[in-house]
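Colleague: I have a few minutes before my next run. Can you walk me through this one?

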Amino acid sequence: MSFHFGDKKMEANGTEEIKKPLLQPPSDSVAITIPEPVHNFDKKTRKYIPKLVTAKKLKETIEDAGFPVDEFPEQEIAVCRLQIKGMACTSCSESVERALQMVNGVKKAVVGLALEEAKVHFDPNLIDTDDIIEAVEDAGFGADLISSGNDENKVHLKLEGVNSLDDVKIIQSSLESVEGVNHVEMDLMENKVAVTYDPDLTGPRSLLHCIQETGGSSKSYQAILYVPPRRRETERQHEIEMYRNQFLLSCLFSVPVFIFSMVLPMLHPFGDWLEYKIYNMLTIGVLLRWILCTPVQFVIGRRFYVGSYHALRRRSANMDVLVAMGTNAAYFYSVYVATKALTSATFEGQDFFETSAMLISFILLGKYLEVVAKGRTSDALAKLTDLAPETAHLLTLDSDGNVISETDISTQLLQRNDMIKIVPGEKVPVDGIVIDGQSYVNESMITGEATPITKRPGDKVIGGTVNENGCLIVKATHVGSETALSQIVQLVEAAQLARAPVQKLADKISRFFVPAVVLVALITWMGWFIPGALGLYPRHWIPKGMDKFELALQFGISVLVVACPCALGLATPTAVMVATGKGASLGVLIKGGNALEKAHKVKTIVFDKTGTLTVGKPEVVSVMLFSSVSMEDFCNLASTAEANSEHPIAKAVVEHARKLSQGSGSNTEYFAEAREFKVHLGAGVSGKVGDKMVLVGNKRLMKTYDIPVYSEVENYISENEQLARTCVLVAIDGKVAGAIAVTDPVKPEAIRVISYLRSMGISSIMVTGDNWATARAIAKEVGIEKVVAETDPLGKAEKIKDLQMKGNTVAMVGDGINDSPALVAADVGIAIGAGTDVAIEAADVVLIKNNLEDVITAIDLSRKTISRIRLNYVWALGYNILGLPVAAGILYPFTGIRLPPWLAGACMAASSVSVVCSSLLLQSYKKPLQVQVTQGQTPQPTST
């Protein structure tokens, strides 16, 4: 007996549960177990529409019919991901999140500002994705569906030979009849089809074959693999172009307004023509500024009005509200001045059209720079995905296991249990098990260590890793979204979507400040107009050319203009802009204000070992002879035997011999090549060099050939292992002739960096996939006390989370792809500039010059920047707080001092200028720890 719930077929009576990817969202289907009745009923399948009937109702109906139902979940949960458009700040993301959580049926909603995505858990019995998108749009934002829970294994195909609606229906019916197909979505306009399937039951090639066989002899249908464009990248590029074009268009009007108001009037006699009166007191300059400012205010600045409308409708106030109020106050007061000048022969006033126009232009410039920077955040996911090769060698075997044919196909067409061949130098396309062959595979993208891993029949291989020097036959076990590489992609994506603590001071202040200012302005206007109308103050208080209403209106407008917190919007971005520019010139690339805000709180830094604390390139550090052979002959014999090996240690031995040969003045090779060369996986190599039999490897290789390793050699090996070195033994004609110690050296600045961090009150921890002996030795050398070794990428991320659970703000410093989950899990991810592109893209901070000292620079610069931002807020609010009483006219009855709107606007501009100047002081920042430190001198923190 079987039932269809949603779009999934559910088998009764103990169907084996299919393995699911690590991060796969909860299923949107309901599985029930119905014991077989005594009577012999036919097996039947039923589908239901969630909006018409619920799974719970079906359960009750089945039970009423006399069939017990077991293992029935109380509630169905589906998951979808949306791309959100129009978010500008954390207030926007919070508004979207609130709007989603208010929808009946939504269980959980998480909105990521940086990713511009939302992940929604909902009850499919109550709502669907269209309802969720509608809720986002009602909140004033755009939304597009990215995936809908069951898209984990989905293939897109482009159809050929489809000429009518009947053809489409035939293909759709044929695909839906295939076992394992969950959903078929047809695009009639473009002749495309998207098929969601169960990889345990079918695969892309089976679907292609199904389409080709559907036509039969009368029709010929063909299908090819289609890769849809990445919607996020397309939308991001469109947004960048929009802000760039709007900024350039605003400059076309704003620059002349600025010149006519601030430049030409200072250049006599060139600006005298602007003072020519057209009618009454209306001058050419005022009219030109009015004409040029209007399209900036209402056409280019329309987005601020729209954003303000939606924010106010949600009963909140974001930066759009601040911009709209500030520019409107300046613009409409300027319109009032122009109108008054047109109708009065004595009125003199100052317009502020340039304030409105220039403010909008600068805000658009900031938005353009922000969108360009945010565009880089999603590149990490694309680079992770691109690690998998585009094609694979598919083998067809007969019943005896012999290869019948070999075909090159797209990696996306691989299915579970396929046999694939991987030749030396190629990447492994999917996860699988080695069936035949032996080789070394570089798994640095998973383990983080450069040393290749020996692979024999029965060993697992991981998609995206590199086959070094042997041919492997592999059986695919995990394809598509189930591969380890896809799991890392999903983990990075989930970590980026998670809400991080960010600086919200400006939004928090504006949420209460804006309504308060409006209320104060209204009270000020009423406080002057009502007493004036009642004759409660002398008539001579009213300036010439004004009446009681205009005087009160000017006081009210002055309050609005002087209190407009425009500088609040500049406090953070200007400091961030200067700090990131200064950091880049010092070798530190900081990706925005969030990274700066979090970095200043860091109290614990987790370091990866290989390529981070160490150079990442093995090199020979010691050679010991245990025979009478000369050093030059010994190195030449060893390097000739190792020349055909691709192992990093072998390359280090060859490079050492080359340098030794150059140092001695010899430019000739000892022998051209080794004969009878053989690779002993996990042990070393052997070969005939001239008339000598040479073995290069570890003690296991010596034991295999019954070559004794004497105590003198054992002592040398033990001493070097304590120093985190790998010992390579070289035997010539059956005797150990010498040993070569190879190590990955510690970076020269690592010791003083760890010491300086300790003096800053920051603790250091090393986390690595290497063995405990090597890890402890490296940690002891650089001065790190806490060590975690022999861990995988997920283990690194878990260690980060454990530290965060204890209340620590944690930074992670790494260089490899394997560090990506930990980099995004940490509060601040710091990537080495010479590391992988993926690590660099996933991190918050990148050390461009590959200098560990810049870790200190990043932390110290963030502390200085946050201090500067706080000072900026003092400047921004200080002008408003001091200017509010004066603008409201509190001094006017006693001293006659009045703050007219133009002077209030000057104060507002002065607050913005002071904030920018304060931020520019960060240009004088100096690195606290210079690259050259006097030997033996203990570095101490310095102040800037």
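Predicted model: local features only at pLDDT ≥ 70, side-chain atom pairs only at ≥ 80, totals over all residues.

Colleague: Then start with a sheet. In what order do the strands of the 3-stranded open sheet run, and is the pairing parallel or antiparallel?

Modeller: The order is E18-E17-E20, and the pairing is antiparallel.

Colleague: Which strands stand at the edges there?

Modeller: Strand E18 (453-455) and strand E20 (466-467). Each has a single partner strand, so one side of each has no neighbour in the sheet.

Colleague: How many bridges join E17 to E20?

Modeller: 2 bridges, with E17 covering residues 439-442. Val-441 has Asn-467 as its bridge partner in E20.

Colleague: Zoom out. How many helices and strands does the protein chain have?

Modeller: 30 helices and 34 strands. The chain has 944 residues, and 50% of them count as buried.

Colleague: What about the surface? How much of it belongs to carbon and sulfur atoms?

Modeller: 56% of an accessible surface of about 44,100 Å².

Colleague: And contacts? What share comes from residues 24 or more positions apart?

Modeller: 69%, taking the contacts with a separation of 6 or more.

Colleague: Now the inside. Which residues have the most contacts within the largest nonpolar core?

Modeller: Ile-605, Phe-607, Val-845 and Leu-852, in a core of 53 residues. Helix H28 (residues 853-887) gives the largest share of this core, 9 residues. Apart from it lies another core of 36 residues, with Val-155 and Val-441 among them.

Colleague: Back to Ile-605. What is it in contact with, leaving aside neighbours within four places in sequence?

Modeller: Its contacts include Leu-757, Ile-762, Ile-765, Val-813, Val-855 and Ile-859.

Colleague: Ile-605 sits in strand E23. Are the faces of that strand covered or open?

Modeller: Both are covered. In a regular strand the side chains alternate between the two faces of the sheet. In E23 (residues 604-607), Thr-604 and Val-606 are buried on one side, Ile-605 and Phe-607 on the other.

Colleague: Which strands does E23 pair with?

Modeller: E23 pairs with E30 (residues 763-767) in the parallel sense, over 4 bridges. Another 4 bridges join E23 to E32 (residues 810-814), also parallel. Phe-607 has Met-766 as its bridge partner in E30. For Thr-604, the bridge partner in E32 is Val-810.

Colleague: You listed Val-155 in the other core. Where does Val-155 sit, and why does it count as buried?

Modeller: Val-155 is in strand E7 (residues 154-160). Its relative accessible area is 5%, and buried means under 20%. Val-155 touches Val-193, Val-195, Tyr-197, Pro-204 and Leu-225, among others beyond four places in sequence.

Colleague: Last topic. Which residues form the nonpolar patch on the surface?

Modeller: Val-255, Phe-258, Ile-259, Met-262, Val-263, Met-266, Leu-267 and Phe-270. Together they have about 730 Å² of accessible area.

Colleague: Take Phe-258. Which helix holds it, and how exposed is it?

Modeller: Phe-258 lies in helix H6 (residues 231-263). Phe-258 is partly exposed, with a relative accessible area of 36%.

Note on methods
Residues numbered from 1 in each chain as written. Heavy atoms only, no water. Buried < 20%, exposed > 50% of the residue type's maximum accessible area, 1.4 Å probe, protein only. Pairing = 2+ DSSP bridges. Patch = residues over 30% accessible without salt bridge, like charges linked within 9 Å, V, L, I, M, F, W, Y side chains within 5 Å. Areas by Shrake-Rupley, 256 points an atom, 1.4 Å probe, with all protein chains shown as cover. Salt bridge = Lys/Arg side-chain N within 4 Å of Asp/Glu carboxyl O. Core = buried A, V, L, I, M, F, W, Y, C linked by side-chain atoms within 4.5 Å. Contact = heavy atoms within 4.5 Å.
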